[in-house]
Amino acid sequence: MIPQNFEYSAPANLQEALGLIADGSCKVLAGGMSLIPLMKLRLAAPEHVVDISRIPGMSYIRKEEGAIHIGALTTHYEVETSPLLAAECPLLAETAACIGDVQVRNMGTIGGSIAHADPAADYPAALFALEAKVRLASATGDRTVPMDEFLVDTMTTAVEPGELVLEVIVPAEASGTGSAYKKLAQPASGFALVGIAARLMKAGGKVSMARLGVTGVASMAYRAANVEKLLEGTAGTAEDIRKAAAVVTEGVDVNGDLHASAEYRAHMARIYAAQALTSAMARTS
Amino acid sequence: MMDLLAAELKMDPAELRLKNFVGEGEFPYQTATGLSYDSGNYAAPLKKALELVDYAAVRAEQTKARKAGRLLGIGMSTYGEICAFGPSPATPAGGWESATVKIEPSGKVTVMTGASPHGQGEETTFAQLAADELGVGLDDVIVLHGDTAIVQYGIGTFGSRGTAIGGTALYFALQDLKAKAKKFGALLLESDDVTFAGGVCTDNKTGKTVTLAQIAGASYRAMKLPPQTEPGMVSTHFWEPPNFTFPFGAHIVVTEVDRDTGQVAIKRYVAVDDCGNIINPMLVDGQVHGGVVQGLGQALWEQAVYDENGQLITGELMDYAVPKAGMIPWIESSHTVTPSPVNPMGVKGVGEAGTIGCSPAVVNSVVDALSPVGVRHIDMPLTPEKLWRLIEAGGQA
């Protein structure tokens, strides 16, 4: 319950933070909702923690050139309640509302959550469906990586030593886009046993665009391109949705644990994929 | 067990229970195992619960739901429990409690109890008892407990005994002081015909009164003392219970199981508990709510799971699912009142009632929901995956 001793720094600005983490030996602390429990259980024992939570200017939600930029220190609560996101990217707000509990949503940050890359975290499902990008910063410069390159494996991301997450970039949705996030929560932790984010557009009575992000099911969140392909070009009927949702775990090594066997999880992924697609379809116009 | 029997006999589970209860006129009821059930009217809470849930209507709704392929279940549990532990020979740590009551020279009252509450609210219940008996305001009473430098040795709050044992010790200490206050009152009023009630002592002949504060003040100044009476207004009473108490009740739960996911939704939760006389209805309902929540945890979520190496893998709250407020249905809590003859207040105890009534009622309800697919028994907890597998296997998993 008590972490190992560690050195603690609270840099006042981004440059100072990037300097401190440049040699790659530090662990970055933002909201502390994932790192602190791991340290208390001594599953993580960093020697040096760099607390970026007091750095000004890293918490924002703003629209720039047709995309919405969300600063790494933006809390889940801020994402959940943002009028801009509610109007132009409701999928992300709906997903944020499903994270943990009120305390976690008030403390936890979008940058911290995705950098931690828990395979049962909620955000990645939505970020896959949104084809989001993540901007990373280091002492030597910035770079932007798409979501499917950002997640590498369980709790492993493309963030290199010396880098930190600067912001997440999601599209400002075209009108008529329908989206939904459906989650089966583990009863103790609230993490997703299955979390499905669906995003659809219709044109001329057919599904013109389908995106499906899946979390909780495998060793890392993923985008179910096979579901998307099956659905695109159809009329999006209940039967079309059922058929498409049926392949959501095809080719995926599904997790099994004490809360849900692989068989049950795969079954629930199909059920929740159909539910998410049905809700998203109802929200298209 | 009762539901399996009802199914075998093709009887309604409520009817089977009503037919087999110990009758209201058979109390005190001597059991084959040597216990004497103090008082009971077992049909009363079940009848009330059936009425509250509108049993005929929910059974009709169930018939309709089943035709539509929905898995709607109605389950009940009727329970009797043993509380107010208990006679000392049957309670290894000792079964008594004691209370000390001091009426201060100001007329304010201090109660000290060894039956220390840890959330059950006896600070309030005991203050109510003292206020009612002495005729003072609730705010005039302080209840001290838990600090061994102040409070005498006691056994404690468990086995639904706080009020039934600790409260009874307090009741008798209060009677001592009422008698003493009456003696001092008679002395002050110079009368041999007085009544002590409502916080004042009244001369029945002249109607003159003295207040409890005047009486207490006089008892400490001790200018004059009644015959064979010591100064001061302090009493300690130890109470050894002659028997346990035996509360009872009936819980009825309506559930629906999602055929696709195995998830249980609780549509109605009706709890009718008989804990004898009730001193504080809000605290009693709080106890029932807490118990039901714990019972739901056991029925639906909580489990200790070990891996193949014997390692506990539900060792922390990230994996061991305790109920949270958002997971709890509306609890319709009600009561019947069958006083206990074991103590003068007629109370029985209510700490565990909710827990005892809840888990079997939930399981019976879910088994009833799944009976169309051939399910007759399920081990707790009723996890969605377990139920889904039973549905998939037609009850044979």
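Okay, let's start where the two chains meet: between chain B and chain A there are 12 residue pairs in polar contact, with both residues at pLDDT 80 or more. By polar contact I mean a pair of N or O atoms within 3.5 Å; within protein, one must be able to donate a hydrogen and the other to accept it, and residues adjacent in sequence count only if both atoms are side-chain atoms. And pLDDT is the predictor's confidence in each residue, from 0 to 100.

Helices here are DSSP runs of H or I, at least four residues, and strands are runs of E, at least two, numbered from the N terminus.

Quick word on what you're looking at. This is a predicted model, where local features need pLDDT of at least 70 and side-chain atom pairs count only at pLDDT 80 or more, while totals for chains, interfaces and linings use all residues. Residues are numbered from 1 along each chain as its sequence is written, chains are lettered from A and ligands numbered from 1 in the order in which they are written, and side-chain values use heavy atoms, with hydrogens and water left out.

As for confidence, the complex gets an ipTM of 0.89 and a pTM of 0.92 from the predictor. Chain B has a mean pLDDT of 96, with 99% of its residues at 70 or more.

Back to the interface. The buried area is about 1400 Å², and carbon and sulfur atoms give 58% of that. Met318(B), Glu385(B) and Trp388(B) supply 34% of what chain B buries against chain A, more than any other three residues. Buried area here is the accessible area (1.4 Å probe) that two parts lose on being put together, summed over both.

Then the charges. The rule finds 1 salt bridge across the interface, and it joins Glu263(A) to Arg389(B), with the closest N and O atoms 2.8 Å apart. The rule is a side-chain nitrogen of Lys or Arg within 4 Å of a carboxyl oxygen of Asp or Glu. Over all chains, there are 31 salt bridges. One of them is inside chain A, where Glu88(A) meets Lys63(A) at 2.8 Å, N to O. Glu88(A) lies in helix H4 (residues 83-88) and Lys63(A) in strand S4 (residues 61-64), so the pair ties together parts that are 25 residues apart in sequence.

Chain A also has an open sheet of 4 strands, ordered S11-S12-S13-S14, with antiparallel pairing. Strands S11 (178-185) and S14 (222-223) stand at the edges with a single partner strand each, so one side of each has no neighbour in the sheet. Strands S12 (residues 192-203) and S13 (residues 206-215) pair over 9 bridges; pairing takes at least two DSSP bridges.

Which peptide bonds are cis? Phe27(B) to Pro28(B) is cis, with omega near -5°, and so is Phe85(B) to Gly86(B), with omega near -20°.
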